[in-house]
Amino acid sequence: LLQKHKLGSKADISKSFQLLQATAAQGHVKAMLVIGNCYAAGDGVKVNSTEALLWWSKAAVKGQTEAQINMAKVMASKKKNEEQEELLRSIIEGIGATNETATWLHLAAEDGSLPAQVEYGRMLMRKGEPNLEEAAKWFQRAALYHSVDGMHELAKCYLEGTGVQQDANKAFKWFKAGAKQRHLACMFALSICYTKGEGVKQDDQKAWRWLQQAAEGGLAAAMFNAFIRLDDGRGVEPDQEQALQYLRKAAQADHPKAQYNLALRLKEGFHCQRDPRKAAELLSSAAQQGHSKAKEVLEEMVKGYTGRDSLGNAAEHPEAQLSP
């Protein structure tokens with residue numbers, strides 16, 4: 001069947017397609033490629049460019065050269081629909097830092113794909129022996145062609161001096177460029193620049209304006225920082241009600257520090273209705289994400305309720321109350 005397809009024969013391809021899928025399910029990379037080609041050309045199946053992309057990606061990460069080239073062309077194409085863009089993002093995020101991935105990501109990056117250029121740069125920074133200068137070059141290449149993710153990564157490089165000479169002014173410039181295109185992480189970073197006066201004159205009002213936009217956009221870290229500012233009046237008028245709203249939203253977005261802080265308030269009924277059960281749930285979630293204080297507080301709550309710790313050991317002071 002593979003030979004027939006290669007030669008362009010249409011003989012019984014539709015009937016044989018199931019056999020082709022079974023072969024691919026056994027790990028045959030050429031079969032994966034051909035299935036992708038079938039979906040792209042409509043050979044034996046209805047044309048489905050998204051399915052073609054999915055099958056090519058499976059073959060590409062296993063080292064199939066033609067599939068890698070197909071992936072590179074799709075990623076570089078400006079004619080992708082929303083479904084394909086979403087699939088590409090999930091593929092890039094989920095494939096991990098393997099040699100095969102680097103190969104086709106590099107192919108796609110060289111072919112002009114901005115998401116691939118950014119991800120390839122990130123991969124260069126993550127690998128065992130990182131190539132920071134090369135990574136920064138890829139971020140810059142993407143940023144210059146208006147990739148907001150590239151702008152964000154390049155700005156971080158300038159801010160931290162990673163792969164480039166440290167330059168707070170250039171970092172601010174690229175954060176601002178990304179923020180103007182509604183990139184939430186750039187908005188958040190820009191607010192921090194204004195707060196600390198990094199690369200720009202310190203300005204609490206502008207810091208709050210950019211932070212608020214990032215928070216309203218749904219960025220958990222920004223929502224938590226907005227809570228902190230409103231809670232104690234850092235650069236803004238204190239507003240406990242709005243602060244609590246931001247804190248709840250950040251906690252719902254699984255931000256561990258927000259979950260911990262909200263749990264403490266719910267446990268004690270501080271500016272909200274007391275809810276120890278919900279507090280315990282939030283502490284558990286934060287602890288699972290590595291928040292050490294949340295784990296300690298949860299342990300103390302277990303002792304207080306049961307007289308035993310989470311391992312079943314008798315507590316020394318079951319009556320002890322948790323300090324806020």
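Predicted model: local features only at pLDDT ≥ 70, side-chain atom pairs only at ≥ 80, totals over all residues.
A residue is called buried here when its relative accessible area is under 20%.

The protein chain has 324 residues, of which 40% count as buried, and its secondary structure comes to 18 helices and 0 strands. Where contacts join residues at least 6 apart in sequence, 44% of them link residues at least 24 apart.

A search of the whole structure gives 3 aromatic pairs, and two of them, Phe172 with Tyr194 and Phe224 with Phe227, are set out below. A pair of aromatic rings is described by the distance of the centres and the angle of the planes.

| Pair | Arrangement | Centre to centre | Angle between planes |
|---|---|---|---|
| Phe172 and Tyr194 | edge-to-face | 5.4 Å | 90° |
| Phe224 and Phe227 | tilted | 5.8 Å | 35° |

Phe224 and Phe227, by contrast, both lie in helix α14 (residues 220-232), where they are 3 residues apart, or about one turn of the helix. Phe224 and Phe227 are likewise both buried.

A further aromatic ring takes part in an arrangement with a charge: the charged end of Lys58 sits over the ring of Trp55, at 4.2 Å from the centre of that ring.

Definitions and conventions:
Residues numbered from 1 in each chain as written. Heavy atoms only, no water. Phe/Tyr/Trp six-rings, centres within 6.5 Å; stacked < 30°, edge-to-face > 60°. Helix = DSSP H or I, 4+ residues; strand = E, 2+ residues; numbered from the N terminus. Buried < 20%, exposed > 50% of the residue type's maximum accessible area, 1.4 Å probe, protein only. Lys NZ or Arg CZ within 6 Å of the ring centre and 35° of its normal. Contact = heavy atoms within 4.5 Å.
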